[in-house]
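Thanks for sending this one over.

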Amino acid sequence: MNQKALSTLEYTKIIAQLEEYASTSMGKKRCRELVPMNDLQEIKTTQAQTSDALARILRKGSISFSGAKDIRDSLLRLKVGSSLSIAELLRVSALLRVALRASDYGKRDHEPGEEDDALDAMFRELAPVVSLAKEIDRCILSEEEIADDASNGLRSVRRAMKTAAEKIRTQLNSLVVNSRTYLQDGVITMRNGRYCVPVKAEHKSNVPGMVHDQSSSGSTIFVEPLSVVKLNNELRELEIREQKEIEAVLAALSNQTCDHLDELTLDLELIGELDFIFAKATLSRHYRGCEPRLNKDGIIRLKNARHPLLDPHRVVPITLTLGENFDLLIVTGPNTGGKTVSLKTVGLLTLMGLAGLHVPAAEGTTLSVFTEVYADIGDEQSIEQNLSTFSSHMTNTVKFLDKADKDSLVLFDELGAGTDPVEGAALAMAILSFLHNMKVRTMATTHYSELKLFALSTPGVENASCEFNVETLRPTYRLLVGIPGKSNAFAISRKLGLPEFIIDDAKKHIDSQDESFEDVISNLEASRVQMEQDKEQIAAYKEEMESLKKQLSAQKEKLEQQKAKILQDANEKARKVLQDAKDYADETIRIINKKTDGGEVSRLLEEERTKLRTKLDKTASKAQISQPKASPSKKPDAKKLKLGDAVKVVSLNLRGIVSSLPNARGDLFVQMGILRSQVNINDLELIDEQTISGDGVPAMRTKQKGNGSGKIRMSKSATVSPEINLIGKTVDEAIPELDKYLDDAYLAHLEKVRVVHGRGTGALRNGVHQHLRKLKYVKSFHLGEFGEGDSGVTIVTFK
């Protein structure tokens, strides 16, 4: 892909944003080297990796690869038999800890018959050599300290050093007490690695020994008394032995590391690749992007596409097709109406899709694989090269015409501008005709009316325009495919107060054919606006009808329930009356039977009692009238269910959002506020017209026109950072901010977070720790390890 197109379409700015989401130098390097590809299968593979990484982030939260350093130089030194330094071994341990963390993150439960996603193989290939990491951490405490237990020899030497140092201090303490008048201060100090005492210069002869240093004023000399010279020599010898033991420990650890060169090399490669992939997924979440469909047929279908570098709250989405029914799109309209933005959106989203990045557009967006994208956008006049605006544009155009083919995408901004309008329009028409005949997918913006006529009269060429509201003199930035744009010069001038007689005089200078064409466009525009207004009114009526229908259905259901209850109450009363009568009849028959010997009388009484019991049973069955069933619920389809769908858990009568897809048994997890529970899909109902409230619980949403309310707004907890930086704040300032952040992180189901408080005086760290001890949902916390920020960071784990 040519570098000019990448720069012109601001692809480099997207890469700069992507690099910010990578945690390691290896991942950042891959981000910087990411360029659009032209192999369809390779693009689909990278798109699948981005999608699967995004699904894992939405399901399990973000993953950080921070702490992993590039240790390729250290691995090369190991190959030639060199020993690693303390810092290098700590970097090896940090890499293995990151590999272990990533391996645990990548584990997931596979249902029978479920295939791996695009990342499962990578996570399984990670080789966190736990034994090596533990051995390094056991032997090395920090970059300045080796543990006493790193080896038996080191333990023995340090014990001897401690004994020798105690003997020296004992003798020097005795000397300080007995010779206090000769000393400048009653302290023991170190000079050149040997224990000394500060002696007044005039009493140097009273304290025999070796002079190692003196103060700047010369009033104090630092003397090593003769009584401790031998002990200092022994201590120095022990220090030399200690250094040799440390070197032996490092050599042993280096040998163990060398045994796992292949695993370390693979871990380094995989962590860099995974960091890069998850950076793409995080960028996709930031843009609210989707995976585009891909083809090699030159077909582009953008659905509600947004330029990623514009304010997402203000940018107006565009929808267009290119390469399906037409391969040349000519966009017209007034200045500042959004033509150039539409052009850049098509080009930039194409480059992003070919690079394996998700694009900020709606699901169903389709992109084509192009071997080259050519873009001539903006004013590139050059004084140094003696190029005017027209010359610079034409220089680019000549290069495009020489290299473009049917597998290219060509974008022109103001084609033919900067010269005589008649000649410029003729040149533009000839250039576009040539590209159209070559079947090159082309999109061009222009002000020339001749090109509008060209698009109307040429098969395979289509007009488009950027809408402009003449009443408010403001563009709406909506791209209308199939409708040529109107200059609106007269209408705008009239609105701004230009006298009517001047406008009438200007109209006389317009060719009658051009005036008729502009009138046709005006009529088309007026018809389009009226149709859209009618469409909105019909939609409002339809919405009102649906609302009334739901109200009527609810009222009918309520009446049915009331009717059923009345009937049930009446039958229940009747049943009680009959039951009393039956009990009375049974008692009467028993009395009569006792007084008679049976016979005909008893038989007749028994028949009457049977009739009474039958009638009672019929009445009782009527009393058991069933309640009317609720209207059929909208049961979700397991295949169509998506992460983030709003649902109602029927058994709990709670609303929530889908946080995992159903398995083979139909079980899935639903987030209901702070409650995340596993339920079966049969216990769910889809909820239409939902949004996510601040606490993560779906709530009914009021429809509004043109504000994108048909989409689900994700809870703010979905974007909680894995760390908070409190450096520079006082304890009183930091605690409220920390408290709110921990609440958000806990609600977002983060397993652990980093609190960056710095070292400083330790007051902020102590204040943070005291606050953490009071929080019931905090399981544990500890200062960061090497590579995590050491004592300047506290790692908090939630319950």
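1. A salt bridge here is a side-chain nitrogen of Lys or Arg within 4 Å of a carboxyl oxygen of Asp or Glu. Asp645 counts as buried, at 14% relative accessibility; buried means under 20% relative accessible area, exposed over 50%, and partly exposed in between, with a 1.4 Å probe and protein chains only.

2. A word on the ground rules. This is a predicted model, in which local features need pLDDT of at least 70 and side-chain atom pairs count only at pLDDT 80 or more, while totals for chains, interfaces and linings use all residues. Residues are numbered from 1 along each chain as its sequence is written, and side-chain values use heavy atoms, with hydrogens and water left out.

3. Now the chain as a whole. The protein chain has 21 helices and 27 strands, taken as DSSP runs numbered from the N terminus (helices: H or I, at least four residues; strands: E, at least two). Of its 799 residues, 41% count as buried. The chain exposes about 43,500 Å², and carbon and sulfur atoms supply 52% of that; the areas come from the Shrake-Rupley method with a 1.4 Å probe, and for residues only the protein chains shown count as cover. Among contacts (heavy atoms within 4.5 Å) with a separation of 6 or more, 66% are between residues 24 or more positions apart.

4. Back to the charged pairs, where the count comes to 28 salt bridges. One of them joins Glu10 and Lys13, with the closest N and O atoms 2.9 Å apart. Glu10 is buried at 17% relative accessible area, whereas Lys13 is partly exposed at 45%. Another joins the side chains of Glu19 and Arg32, at 2.8 Å from N to O. That pair links distant parts of the chain: Glu19 sits in helix α2 (residues 11-20) and Arg32 in helix α3 (residues 25-32), 13 residues apart. Glu19 is partly exposed at 21% relative accessibility, and Arg32 is partly exposed too, at 48%.

5. How many disulfides are there? The count is zero, with a disulfide taken as a pair of cysteine sulfur atoms within 2.5 Å. As for cysteine burial, Cys31 is buried at 0% relative accessibility, and Cys196 is likewise buried, with a relative accessible area of 0%.

6. Please also look at the open sheet of four strands, ordered β3-β4-β6-β5 with antiparallel pairing; two strands pair if DSSP finds at least two bridges between them. β3 (189-191) and β5 (209-214) stand at the edges with a single partner strand each, so one side of each has no neighbour in the sheet. From one strand to the next, the twist averages 50 degrees. Five bridges join β5 to the antiparallel strand β6 (residues 220-225), and Gln214 stands opposite Ile221 in β6.

7. Finally, the helices on that sheet. Helix α9 (residues 152-178) packs on the sheet, touching β4 (194-200) and β6, and its direction makes about 10 degrees with that of β4. Helix α10 (residues 226-258) lies across β4, β5 and β6, running at about 75 degrees to β6. For these angles, axes are lines fitted to C-alpha atoms, for helices over the stretch in contact, and angles run from 0 to 180 degrees between N-to-C directions.
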